[in-house]
Amino acid sequence: MSKELIRLANCTMAFDDEVVLDNINLYINDKEFLTLLGPSGCGKTTTLRIIGGFQTPTSGDIFFDGVRINAVPPHKRAINTVFQKYALFPHLNVYENIAFGLRIPKTDEKGKKVKLPEEEIHQRVMEMLEVVNLKGFDKRHITQLSGGQQQRVAIARALVNKPKVLLLDEPLGALDLKLRKDMQNELKRIQKAMEITFIYVTHDQEEALAMSDTVVVMDAGKIQQIGTPEDIYNEPKNAFVADFIGESNIIDGIMRADGVVEIFNRRFRCLDGGFEKDEPVDVVIRPEDVDIVPEDQGQLKGTVTNVTFKGMQYDIIVDFYGFKWLIQTTDLSPVGSRIGIKIDPDGIHVMKKSHYSGMFGDYSSYSEEYEEISDASFDPDEDQEGGDEE
Amino acid sequence: MKKNHRIGSRLFMGLVFLFLYAPILLLIIFSFNAGNSSVVWKGFSFRWYAELFQNRIIMSSVYTTLLVSLLATIIATVAGTFAAIGFFTMDRRLRRPLMVVNDIPMMNADIVTGVSLCLFFVAAFAGWNGFVTWMENSYRLTAPRLYLGFGTLLLAHISFNIPYVILNVTPKLRQMDKNLIDAAQDLGCTWMQAFWKVVVPEIKPGIISGALIAFTMSIDDFVISYFTAGSATSTLAMTIYGMTKKRVSPEINAISTLLFAAVLALLIIVNVREARQEKALAKKK
């Protein structure tokens with residue numbers, strides 16, 4: 001499981017003077033489901049294109065199975081890609097699209113061109129159609145398929161070549177929510193069944209948490225954090241990661257001692273340590289880790305300023321001494337009411353200060369931020385970092 | 001009032017079409033005239049068509065026209081397609097001015113293109129022929145001297161056809177999903193294989209329309225051919241022009257009718273193809 005397959009060593013990518021990737025170091029294990037997660041323009045698509053061989057890093061090396069492959073063109077890499085918007089061949093039907101890679105003559109050890117026999121091509125295409133649940137669609141024209149079906153053809157077309165690694169570039173971005181959820185499960189199932197490495201690019205943190213073995217959070221061409229979905233969610237390294245993954249209240253604090261952090265001049269017990277005495281820190285408190293209690297019993301006291309019904313819970317915005325928090329609760333506290341809150345030690349996560357400090361985690365402008373997060377009509381085109389002009 | 005207005009506008013339309021097409025209609029009618037005159041109708045006959053095919057000069061110029069059009073179309077289509085792909089992969093800052101340069105020959109007056117090509121060939125050949133003479137006198141080495149003829153005619157046709165091919169291929173390249181080339185390479189193609197297996201099928205409609213338009217332009221060109229063909233080579237249009245200088249024979253009516261029919265047929269094919277493609281595109285959306 002944990003054999004290293006791909007390694008990016010000190011990879012930097014620059015278009016003209018614009019640095020898109022800044023000294024990326026990353027290794028990817030065999031049969032791993034790894035997600036590159038970040039906002040548009042963070043460098044995740046460029047990283048994927050370097051692995052696929054469509055771009056060569058300005059400096060740094062990329063290794064595949066221990067061999068340096070900087071100069072190996074895409075068609076000689078044991079890697080296949082599912083492209084944004086699929087890039088299916090419109091002049092071919094479903095069968096011929098999937099068979100495309102198999103029909104290219106391969107060079108064997110003796111340097112001779114070998115063509116696959118037609119029966120083998122037929123058998124493998126039919127197998128693939130079954131894997132992606134498209135049995136009976138082989139004669140269909142690409143333009144006759146729905147978005148979800150085209151998606152499946154794109155996956156089949158890549159997987160039929162039996163790659164060691166499958167790259168997926170925002171493959172679910174163009175699908176509606178319900179279909180997206182189905183395809184997430186489907187992709188996870190296919191990855192398990194075929195036993196290959198998936199490298200998945202997305203800006204959707206929910207998708208990343210739900211599917212991945214490892215999540216790589218990127219911003220501004222740098223890796224911010226690498227970890228399991230649980231690590232990333234529970235132990236974010238800085239304010240950017242805390243804000244990008246899920247909802248977070250990020251408050252300035254001072255570390256008074258190991259296990260003691262001071263927020264709003266009140267001391268809280270926490271589980272973090274290893275900071276210097278009186279070091280300024282960022283404190284993350286997830287909205288679901290806050291307990292609402294009567295005002296006189298609270299560690300902090302505040303006024304409810306906004307309530308949104310979310311089905312499973314209420315999202316309420318509470319003003320604590322001028323700083324607005326998001327709290328998720330199943331009990332309704334009406335707007336204007338005074339409440340107190342309690343936070344358990346394991347609900348407090350302390351982070352070192354970074355250049356992201358102070359940029360995130362305040363819910364003063366709640367409504368706008370909420371819309372931004374739930375924006376389903378995100379245009380993946382915006383993620384064509386550098387290079388392409390159109 | 002309104003009705004009068006409509007009748008008036010229809011009458012006007014009718015007159016416009018009459019002025020536009022009456023001469024051609026007259027020409028077609030008299031190409032079937034049995035008599036020698038282009039004015040007096042003496043009954044229906046294919047006589048002039050029959051004589052046409054006996055006329056060696058006309059037949060040889062038909063052959064020249066078809067050969068030069070076909071060769072020019074093939075060469076211009078290949079060159080124009082690759083040029084369009086070259087433009088397409090260029091930086092926008094470079095592509096814009098180049099596309100403008102590409103448009104100029106199409107809008108430029110034929111006479112200017114013809115005269116300038118003629119001057120260019122004559123100047124270049126004068127230099128070359130002078131060099132050959134000098135070689136012969138000094139080193140007793142010889143090489144063929146060059147003059148205006150079929151070669152220069154072909155070069156001229158290729159050069160004025162290329163912009164039309166580029167103009168037809170470029171929009172197809174733009175409509176193509178750029179990721180298709182990446183996808184083909186990802187699936188094991190070299191760049192060249194990707195080009196043949198994916199790019200060419202995608203832009204094929206544009207290549208064919210470009211070729212058809214180039215062929216039409218070549219067939220009916222007179223001015224540019226006139227200046228670049230020299231004295232020994234003659235295209236059909238040039239032969240017809242030469243015939244009108246002597247005596248207007250009804251043969252001219254017959255050959256002009258055939259030329260008109262050929263160009264009309266080509267234009268119909270181009271237009272039907274375009275209409276079909278637009279329909280297919282609308283269906284896709």
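This briefing walks through a helix pair, a chain contact and a hairpin. The model is predicted, so to speak of local features takes pLDDT of at least 70 and side-chain atom pairs count only at pLDDT 80 or more, while totals for chains, interfaces and linings use all residues. Residues are numbered from 1 along each chain as its sequence is written, and chains are lettered from A and ligands numbered from 1 in the order written.

**Helix pair in chain B**
- Helix α7 (residues 179–186) of chain B packs on helix α8 (residues 191–220) of chain B at about 135°, axes 9 Å apart (axes are lines fitted to C-alpha atoms over the stretch in contact, and angles run from 0 to 180 degrees between N-to-C directions; helices are DSSP runs of H or I, at least four residues, and strands are E, at least two, numbered from the N terminus).
- That makes α7(B) oblique to α8(B) (under 35 degrees is roughly parallel, over 145 roughly antiparallel, 65 to 115 roughly perpendicular, the rest oblique).
- Residues from α7(B), including B:Leu180 and B:Ile181, meet a set in α8(B) that includes B:Trp191 and B:Val198 (contact puts C-beta atoms, placed from the backbone, within 7 Å).

**Where the chains touch**
- In chain B, 17 residues are in contact with 17 residues of chain A.
- α7(B) gives the most to chain B's side, with six residues.

**Hairpin in chain A**
- Strands β11 (residues 214–219) and β12 (residues 222–227) of chain A run antiparallel, joined by five bridges (pairing takes at least two DSSP bridges).
- A:Val217 stands opposite A:Gln225 in β12(A).
- Two residues lie between β11(A) and β12(A) in this hairpin, and A:Ala220 in the turn has a positive phi of about 50°.

How values were computed. Two residues are in contact if their C-beta atoms, placed from the backbone, lie within 7 Å.
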